[in-house]
Every structure is written in structure tokens, then in C-alpha cells.
Amino acid sequence: MADLVILFTSIGLSEQKAKETLKNEVLSSALKDAIAQAQGLLGSTDIDKATGTLLYSMVSRLREPRRLAFLTQHIVQRKITTELQVSAALDYVKSHPQDPLDEKAFESACGVGVVITPEEIEDTVEQIIRKHKEQLLSERYRFNMGLLMGEVRAAMKWADGKIVKNEVDMQVLHLLGPKTEADLEKKPKAAKAKAPENETKEEKSSTVNGEVKTEAKSLMEQLRGEALKFHKPGENYKTEGYVVTPNTMNLLKQHLEITGGQVRTRFPPEPNGILHIGHAKAINFNFGFAKANNGICFLRYDDTNPEKEEEKYFTAIREMVEWLGYKPYVITHASDYFQPLYDLAVELIRRGHAYVCHQRGEELKGHNVPSSPWRDRPVAESLVLFERMRKGMFTEGEATLRMKMVMEDGKMDPVAYRIKYTAHHRSGDTWCIYPTYDYTHCLCDSIEHITHSLCTKEFQARRSSYFWLCNALDVYCPVQWEYGRLNLTYTVVSKRKIIKLVETGVVRDWDDPRLFTLTALRRRGFPPEAINNFCARVGVTVSQTTTEPHLLEACVREVLNDTAPRAMAVLEPLRVTITNLPSNAQSDVRVPDFPADESRGSHVVPFSKTIFIEENDFREVMEKGFKRLTPEQPVGLRHAGYVISVQRVIKDASGKVVELEVTCTSSDSAEKPKAFIHWVSQPLQCEVRLYERLFLHKNPEDATEVPGGFLSDINLLVFNRTVMLKEDPGKI
């Protein structure tokens with residue numbers, strides 16, 4: 001350890017930097033190799049600090065160890081002498097994984113041999129300053145000098161940055177002279193326009209040409225922007241961590257011939273439950289990313305566990321995808337590929353990458369499982385045993401097929417196939433062995449030539465195994481990209497936990513309106529556009545997000561404001577008699593269907609001597625900040641053209657207010673009231689169900705918040721009210 005610290009400091013690293021480097025075993029090993037190769041090329045143990053700095057910079061960013069000697073040679077021979085050239089070299093080798101490298105093209109891309117004299121820099125700076133001279137003289141030192149630097153660097157890519165900056169500074173000083181007191185004064189900041197109190201940037205949205213628009217960016221704009229971060233179809237090898245094999249470029253060429261360079265994604269739910277709000281983000285991301293980039297998206301059921309799959313789930317999943325406004329390019333099933341998946345498993349054994357194991361299920365749980373005594377079983381023996389598994393000659397749990405690899409989270413040799421004597425929804429009793437997610441997912445993506453395998457963050461630990469399996473079988477390897485899953489407070493979205501709620505009778509079924517499954521939200525009346533808007537608000541994030549339900553509800557209100565005709569209703573009615581109207585007084589009041597846009601139509605409601613208002617729109621005792629009806633404070637009746645004032649408060653024997661006697665005045669002649677309230681006259685009755693949150697605490701799954709578990713946190717309040725409506729409820 002001490003020897004390596006001395007070695008690393010000998011090339012110019014500080015002692016602290018050298019010790020930090022030693023903590024990274026891969027980096028320290030690569031740096032040691034680079035130093036040894038450099039010393040061999042120089043014929044000396046002395047490496048100057050400039051060369052050492054470039055070697056460290058190269059090694060710390062290199063993702064292709066096989067290019068280490070090639071790059072080290074160019075640095076030691078002083079063909080690569082700047083950080084800019086190191087970055088260009090790394091970009092080139094990353095985008096050219098095939099052998100052999102075209103050294104001439106490499107050196108051209110890295111500026112090897114390009115010499116830029118101080119005179120050339122001076123001339124270029126002079127030309128660019130002349131171009132901006134008028135603006136420079138006007139704005140003086142408030143001019144953005146970075147613009148000058150950027151234009152010079154664009155014109156002279158390989159020029160030394162320090163020399164360029166010095167030349168720019170010197171010529172600007174020569175043109176403008178020293179800074180004056182006026183130059184040193186801070187420029188006052190422009191005052192920001194104050195947004196209306198009831199509006200926030202996050203809450204402004206609309207729908208244009210089928211796309212959800214927010215004041216910042218629409219979901220489609222976000223997804224198009226996300227495409228800039230992702231690889232282009234056929235350029236999978238440019239992705240961080242992607243493993244390049246001798247056959248990779250041929251496979252990618254074949255892939256492009258099949259897809260025509262089109263973006264392909266897939267939404268792969270398990271048909272063992274109903275989709276929830278988190279799946280809405282996955283649907284929007286997968287289908288939306290494909291749509292935003294003129295691609296296609298498959299709906300692929302991951303139906304490899306026949307014990308938990310039911311027809312109702314297959315149907316409900318498809319309905320929810322279409323309800324959200326997306327049409328799958330094609331609907332497929334993992335079970336469509338059972339035979340080719342089995343054939344690939346046989347090939348994996350033949351290549352020595354898989355073996356039949358007899359460890360029991362309980363022994364394989366967790367991450368620190370004991371090594372299998374059958375790991376080195378002969379290939380021929382595993383082939384025979386795997387065929388016996390397929391023919392049903394073992395009991396469940398007696399044998400599994402395991403892959404010889406270690407996952408990123410340290411899990412050793414994940415299971416590829418297990419035995420299940422359960423009839424499959426689609427294939428019946430044809431199979432008694434079924435592939436696992438770790439085995440199936442990447443191979444189905446490969447078979448369908450998916451370009452971007454988009455999944456939630458918890459699958460990041462499976463990315464290396466995803467690449468490993470495709471490369472072990474020498475098949476086309478897509479790229480897995482992870483994004484943060486969407487979580488909501490005051491609910492649970494785990495299928496296992498929702499099943500518990502159903503089985504214990506806490507909720508009636510998967511579509512209980514207090515749940516946040518998509519079928520429940522649809523039954524509750526949430527428009528699909530609102531759910532898509534919500535996903536756009538949450539954004540295309542990599543980090544996990546936990547959101548309050550009120551943001552989703554705000555999205556619902558926005559959509560309904562634009563799409564649902566308004567009707568006035570009273571939930572807790574309080575009788576109001578207008579004493580200065582005749583007993584037979586009755587008139588028609590025209591009410592706009594959409595108050596924000598009265599041009600979209602209206603309807604007529606009756607207005608008479610007796611009306612009903614909400615109980616909480618009246619206070620017998622005036623309270624600070626209360627703007628509605630009190631004995632001292634009149635209030636307007638929405639759309640009626642009247643302002644009412646209390647004359648008498650009538651109570652029952654218990655002291656509860658049961659009726660108000662008021663007088664009305666035309667709103668044209670009365671002083672403008674502080675508020676207008678809704679009302680109904682000659683009402684119809686209807687049942688309205690008001691649902692409280694299902695759970696009492698914000699995080700019902702958090703043991704520190706709810707020690708008794710989520711089932712102990714149920715909020716049993718569900719209200720059924722008979723209310724007064726102004727018109728036929730069928731129109732509401």
C-alpha cells in the first residue's frame with residue numbers, strides 16, 4: 001500500500017489524492033498498469049508531472065481497459081498533450097469499439113500534430129473582437145466575454161485555453177481601457193412579474209394537439225429532451241457500462257437492418273394485478289418516449305409465473321393503457337417465446353455459463369447464499385438434467401437452472417428456470433419449467449429488437465446481468481435505462497399489499513375509489529388526461545419521487561374545469577327564505593356551463609322565494625377573514641343577480657340554525673359584496689359519496705410511523721350524503 005502511494009505521488013499526485021485513489025481498486029490497478037507501461041516506453045522510472053496528470057485523467061475516465069496501452073503510448077510520446085485532447089481521445093475510443101482502431105483517424109480526431117502559433121491566436125481574437133466592436137464599446141465590461149472565448153475556441157479547437165484567455169483579456173483592455181467606476185457598479189436586477197396568488201408555474205397546464213403542455217415543458221418535450229441523453233438506435237456501444245464483444249458491431253448492423261433505425265420501447269407489466277398510479281408514469285415514459293421520437297412501443301405481458309396470473313389482469317392492463325390514450329404497436333407475451341427461451345438456455349449450458357443446481361429455495365434467499373456444490377457440474381450432465389426438468393422428472397424445488405454470474409448487488413448465480421406444476425394461462429400444461437425475470441426480460445427485449453429498455457431505478461442492480469446474458473449468448477444486446485419510480489403518500493401501491501386489503505375486506509376490490517390503482521381512479525371519475533398531466537408535472541426524473549395526492553387532484557380539477565359542464569349542488573343544505581319576494585315569485589336564471597368561458601354554452605335553473613345554501617356559508621358570529629354570509633355581512637348569489645342580507649336566524653329546540661330569513665337587493669344597486677356563494681332552488685335529491693383518504697398516516701408502510709403495519713392504519717370514514725341538486729343528476 002505504501003509503495004503505491006509513493007508510486008502515485010512520483011507522477012505528480014498529492015499524497016491525499018494518491019490515498020483516495022487506492023480506495024478504488026479498479027482505478028488504482030489501472031493507474032499502476034499505465035505507469036508501468038509509460039516507464040517501459042520512456043526507459044526510465046521518471047515521469048514528469050504534466051505526463052502524470054494526463055495519465056491519471058485518462059485512466060480515471062477510461063471505460064475500455066483494452067485501450068489503456070494505446071492511449072498511454074500517445075500520451076508518453078507527447079502526441080496527446082492537453083486535457084482537451086484526452087477528452088477527445090476518450091470520446092473516440094468509446095465510439096469506435098471495434099478492432100483495429102484507425103490510428104490516422106484517431107489522431108485527426110484528437111488534434112495530434114496540430115500546432116497553433118501565438119500569432120494565429122492573436123489574429124483570430126482580433127477578428128472576433130472586430131466583429132463585436134460596436135456592442136463592446138456600448139456595453140463595455142458588461143459584455144459577455146464568454147461569448148468571445150467561445151467563438152475563438154470554436155474557430156481554433158486545439159488552441160491552448162490559457163493563451164486564448166490572456167489574448168482576449170489583453171485585446172479587450174486595449175480597446176476599452178481600464179475599468180471605470182461606472183463599469184464596477186452592479187447592474188440592477190429586473191423586477192420579476194408577480195404571479196397571481198392562485199397560480200404557480202407547476203400548476204399551469206393545458207392540452208394542445210394531444211400533448212400535455214405545462215408552463216415549462218410538455219411531457220413530449222421532456223421526453224424528446226431525454227432522447228439527447230440516450231443512445232441513438234444502433235449506437236448501443238456508446239452507453240456507459242455496455243460490454244463490446246467481437247461480434248457486437250455485426251449484431252448491431254443486423255439490428256438496424258431489421259428496425260430501420262427506429263426507436264423501439266416496451267411496457268412489460270406482470271399480469272398478476274391491476275396497474276396503479278406508478279405504472280401510469282411507466283406507461284407515459286415508455287409509450288411517450290417512443291411517440292416523441294417517431295418510434296413504436298410494444299405491450300408485452302411478463303407472464304412467466306402461472307400461479308398468480310388471471311385473465312382479468314390481462315384485460316385490465318390493456319384497457320388502462322388504451323384509456324390513458326396509448327395504442328400498443330403490438331401486444332406480445334413472454335410466453336410467446338417459451339421455446340426460443342428454452343433453446344437459448346440449452347445453449348447457455350453448452351457454453352458453460354449455466355448449471356443445474358439442487359439447492360432448495362430457502363437456501364437461495366438473500367444475498368449471502370452459500371456457493372452451490374454443483375457449480376462445476378459437467379456441461380453434459382447439466383444438459384441431461386435440464387431436459388429431465390423439462391419432462392417433469394423432478395418435484396417442485398428439487399432442481400433449478402442457475403446462471404454463472406454475479407449481479408451488481410452481489411447476488412450470486414441467479415436462477416434462470418424453476419419447476420412449477422401449474423397450468424399456464426396461455427400454454428396450458430405444455431411446460432412445467434418457467435423462466436425467471438432475470439433470464440427472460442433481456443432476452444425478450446433482444447428478440448423484439450428493443451432499442452431502449454426503460455425501467456425503474458430498483459432494476460439498476462440488474463443492468464450488468466442484462467448485458468452479461470445477451471453477450472454470453474452472443475445475441476443482440478439492447479440498453480437498459482433506469483428512471484425514478486413514482487410514489488404517493490397516504491396510500492400503498494404494492495400488489496401484494498393491495499391483495500391483502502381486498503382479502504381482509506378493507507376495500508371491496510382493486511377498483512375501490514380510495515385506492516390509487518388506475519381502475520379505481522377511473523371509477524372515481526379521474527380523467528385520463530389528468531393522470532397524464534400529473535406524470536408530466538412529476539417530470540422525467542431519475543431520482544425517486546414521493547408526491548402528495550393533492551397535486552394529482554389539482555390536475556383533475558384543471559381538466560374538469562375545461563371539459564365538465566358546471567352544476568351547482570349543496571351538500572349540507574340550509575333553508576333560506578327571501579322575505580321581500582312574493583310567495584309565488586319564480587324566475588329563470590341562465591347559468592354558464594363553463595364559468596371561465598361563457599361562450600361555450602349555458603343552461604337555465606329556477607329561482608324562487610325559497611333557496612338552499614351550504615351550512616358553512618353562514619356564520620352567526622362574525623369571524624376574522626370570513627367573507628360569506630353573517631347577520632352583519634351580506635353576500636351575493638352566484639349568477640342570480642341578487643345580494644342577500646340576513647333579517648332573522650331561526651333555530652330548532654337544540655339551538656341549531658335551521659333557516660334564515662333574508663331580503664334581497666339587485667346586485668346592480670347594492671354595494672359589491674365580498675363573496676358570491678352557490679345555491680339551489682326547487683332541488684332534486686341525489687346520493688353523493690365522499691371518500692376520505694384510505695390511510696391515516698402519510699407513510700403507512702413506514703414502521704417508525706405506523707408500528708402496527710399498514711393494515712392497522714385504515715381510515716374507516718366514508719360518507720354517503722343525501723344532497724340538494726338544482727337539476728337532474730343525470731346531467732351532472
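Q: What makes up residues 676-704, helix or strand?
A: This is a predicted model, and in it residues 676-704 are 0% helix and 34% strand, with end C-alpha atoms 46 Å apart. An unreviewed UniProt entry puts the feature "domain: tRNA synthetases class I (E and Q) anti-codon binding" at residues 676-704.

Q: Why are strand 18 and strand 22 called edge strands?
A: The open sheet of six strands has the order 18-15-21-20-19-22, with mixed pairing. Strand 18 (610-614) and strand 22 (676-677) each pair on one side only, so they are its edges.

Q: How do you know that strand 15 and strand 21 pair?
A: Pairing takes at least two bridges. Strand 15 (residues 573-578) has four to strand 21 (residues 657-666), so the two count as paired, and they run parallel. Ile-578 stands opposite Val-662 in strand 21.

Q: What about strand 4 and strand 5: how many bridges join them?
A: Four bridges join strand 4 (residues 296-301) to strand 5, so this parallel pair passes the cut-off of at least two as well. Tyr-301 stands opposite His-333 in strand 5. Helix 16 (residues 311-323) lies across strand 3, strand 4 and strand 5, at about 160° to strand 4.

Conventions. Residues are numbered from 1 along each chain as its sequence is written. This is a predicted model: local features need pLDDT of at least 70, side-chain atom pairs count only at pLDDT 80 or more; totals for chains, interfaces and linings use all residues. Side-chain values use heavy atoms; hydrogens and water are left out. UniProt positions are given in the numbering used here, feature names are shortened, and annotations may be inferred rather than shown by experiment. Contact means heavy atoms within 4.5 Å. Axes are lines fitted to C-alpha atoms, for helices over the stretch in contact, and angles run from 0 to 180 degrees between N-to-C directions.
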